[in-house]
Amino acid sequence: MIGRKRVAILISGRGSNMAALIEAAKAPGYPAEIVGVFSNRAAAPGLEIAAAAGIATQSLAQSSFPSREAFDDAITAVLEGWGAEILCFAGFMRILSPGFIDHWLGRTINIHPSLLPLFRGLDPHGQALAAGATSHGCSVHFVTHGTDEGPVIAQAKVPVFPDDTAETLSSRVLKEEHKLYPLALAAVARGDVRFERGAAVR
Ligand code: GRF
């Protein structure tokens, strides 16, 4: 397919959402191709999955750089070397410098396992249970300066059952993440959803 958007995925861990995006991008009509996977952890299991799928991988560690800004500039150099047009954060556990966010603003999306704006940050499943939520889910959103704060592109909802633990809830949500993220990336790659003046516009 002509005109597929070039997408880089950034991970820190197991990479199951990354794998779902790689799988979806194999479909002939999918509007994006995965051109590289970056990790800030060399031991991230997702890197091996990506390499096995024939995708370029690179890891760099913050400890090799004198500052957060220098590290983030090096990440941008890797991503631009791949010709990335869109970034997908998929379990990328890193607070990025304002310069990085601004450079990629409107071109970076993230998946978070809650119905944003509810339960931002760490342990969203535990937060949902502690709040007595009766439904929960996941969101794909544009990345802006605040953690998990950017405008929402798409969401999927699941029920919360009385006997749920953070583990049972998280695995129910994860199944939805694997369906939602490819759909949301496709919508952004096609231009069906755009980032304009801080909002997601359809
Ligand atoms: C997912 O639940 C994602 O929503 C969150 O971190 C987890 C990453 O899992 N940001 P995986 O690495 O994609 O398997």
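This is a predicted model: local features need pLDDT of at least 70, side-chain atom pairs count only at pLDDT 80 or more; totals for chains, interfaces and linings use all residues.
Local features were taken at pLDDT of at least 70 and side-chain atom pairs at pLDDT 80 or more, whereas totals for chains, interfaces and linings use all residues. Residues are numbered from 1 along each chain as its sequence is written, and side-chain values use heavy atoms, with hydrogens and water left out.

The ligand is surrounded by R14, G15, S16, N17, G91, I111, P113 and E177, each having a heavy atom within 4 Å of it. An N or O atom in the side chain of R14 lies 2.4 Å from an oxygen atom of the ligand. For S16, a polar side-chain atom is 2.5 Å from a ligand oxygen, and for E177 the corresponding distance is 2.6 Å. The protein buries 85% of the 360 Å² that the ligand exposes when taken alone (Shrake-Rupley method, 1.4 Å probe).

E149 is located in the loop between β6 (135-142) and β7 (152-159); strands are DSSP runs of E, at least two residues long, numbered from the N terminus. E149 has a relative accessible area of 47% and is partly exposed, the class between buried (under 20%) and exposed (over 50%), computed with a 1.4 Å probe on protein chains only. Its C-alpha atom is 7.1 Å from that of P117, 32 residues away along the chain. Residues up to four places away in sequence aside, E149 touches R120, H141 and T144 (heavy atoms within 4.5 Å).

H141 belongs to strand β6 and is buried, at 2% relative accessibility. Beyond four places in sequence, the contacts of H141 include T108, H112, L116, D148, E149 and V152.

Notes
Helices (H or I, at least four residues) and strands (E, at least two) are DSSP runs, numbered from the N terminus. A polar contact is a pair of N or O atoms within 3.5 Å; within protein, one must be able to donate a hydrogen and the other to accept it, and residues adjacent in sequence count only if both atoms are side-chain atoms.
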